[in-house]
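Trainee: I would like to learn how to read a protein model. Could you walk me through this one?

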Amino acid sequence: MLEIPDDFQRILRPHLPYADSGAFEARDELAGLGLDSMGVVQLLVDIENGYAVALPDDILDEETFATVGSLWEALVVHIG
């Protein structure tokens, strides 16, 4: 099971209005937790600022933003 780090969860939480206070699991669907197209933009800014990384445009698609785990996996590739 893919473990989602606490610092990543702290970045995600403000963008997911339907999330409860429990820890996120990799299979949690971002849209189901309330992430919409406007939220994706702000979340992306917060991720890039939080990890001091610029994510390439080619990973910014529906597949990447499908679940907590898919977004984390895409980020891990770029933060080493």
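**Reading the helices**

Mentor: Let us begin with α2, which has 15 residues and reaches 21 Å from its first C-alpha to its last, close to the 21 Å expected at 1.5 Å a residue. The expected span is 1.5 Å times one less than the number of residues. Keep in mind that this is a predicted model, where local features need pLDDT of at least 70, side-chain atom pairs count only at pLDDT 80 or more, and totals for chains, interfaces and linings use all residues. Residues are numbered from 1 along each chain as its sequence is written, and side-chain values use heavy atoms, with hydrogens and water left out.

Trainee: Which residues of α2 are buried?

Mentor: Buried means under 20% relative accessible area, exposed means over 50%, and partly exposed is in between (1.4 Å probe, protein chains only). In α2, the buried residues are Gly-39, Leu-43, Leu-44, Ile-47 and Tyr-51. They cover an arc of only 140 degrees around the axis, which puts them on the same side of α2. That arc is taken from the directions from the helix axis to the C-beta atoms. On the face turned away from the buried side, α2 carries the exposed residues Met-38, Val-41 and Asn-49.

Trainee: What do the buried residues of α2 pack against?

Mentor: They pack against α1 and α3, where contact means heavy atoms within 4.5 Å. Following α2 comes Ala-52, with a positive phi near 50 degrees.

Trainee: How many helices and strands does the protein have?

Mentor: Helices (H or I, at least four residues) and strands (E, at least two) are DSSP runs, numbered from the N terminus. The protein has three helices and zero strands, giving the pattern α-α-α along the sequence.

Trainee: What should I look for in α3?

Mentor: Buried residues in α3 include Val-68, Leu-71, Trp-72 and Leu-75. Their cover includes α1 (6-12) and α2 (37-51). Just after α3, Gly-80 has a positive phi of about 75 degrees.

Trainee: How many aromatic pairs does the structure hold?

Mentor: Rings of Phe, Tyr and Trp (its six-membered ring) pair if their centres lie within 6.5 Å; planes under 30 degrees apart count as stacked, over 60 as edge-to-face and the rest as tilted. The structure holds two such pairs. For Phe-8 and Trp-72, the ring centres are 5.0 Å apart and the planes are at 50 degrees, so the pair is tilted. Phe-8 lies in helix α1 and Trp-72 in helix α3, so the pair ties together parts that are 64 residues apart in sequence. The rings of Tyr-51 and Trp-72 have centres 6.1 Å apart and planes at 55 degrees, so this pair is tilted. Here Tyr-51 belongs to helix α2 and Trp-72 to helix α3, so the pair ties together parts 21 residues apart in sequence.

Trainee: Is Phe-8 buried or exposed?

Mentor: Phe-8 counts as buried because its relative accessibility is 0%. Both Tyr-51 and Trp-72 are buried, and ring pairs link Phe-8, Tyr-51 and Trp-72 into a cluster.

Trainee: And the protein as a whole?

Mentor: Buried residues make up 39% of the 80 residues.
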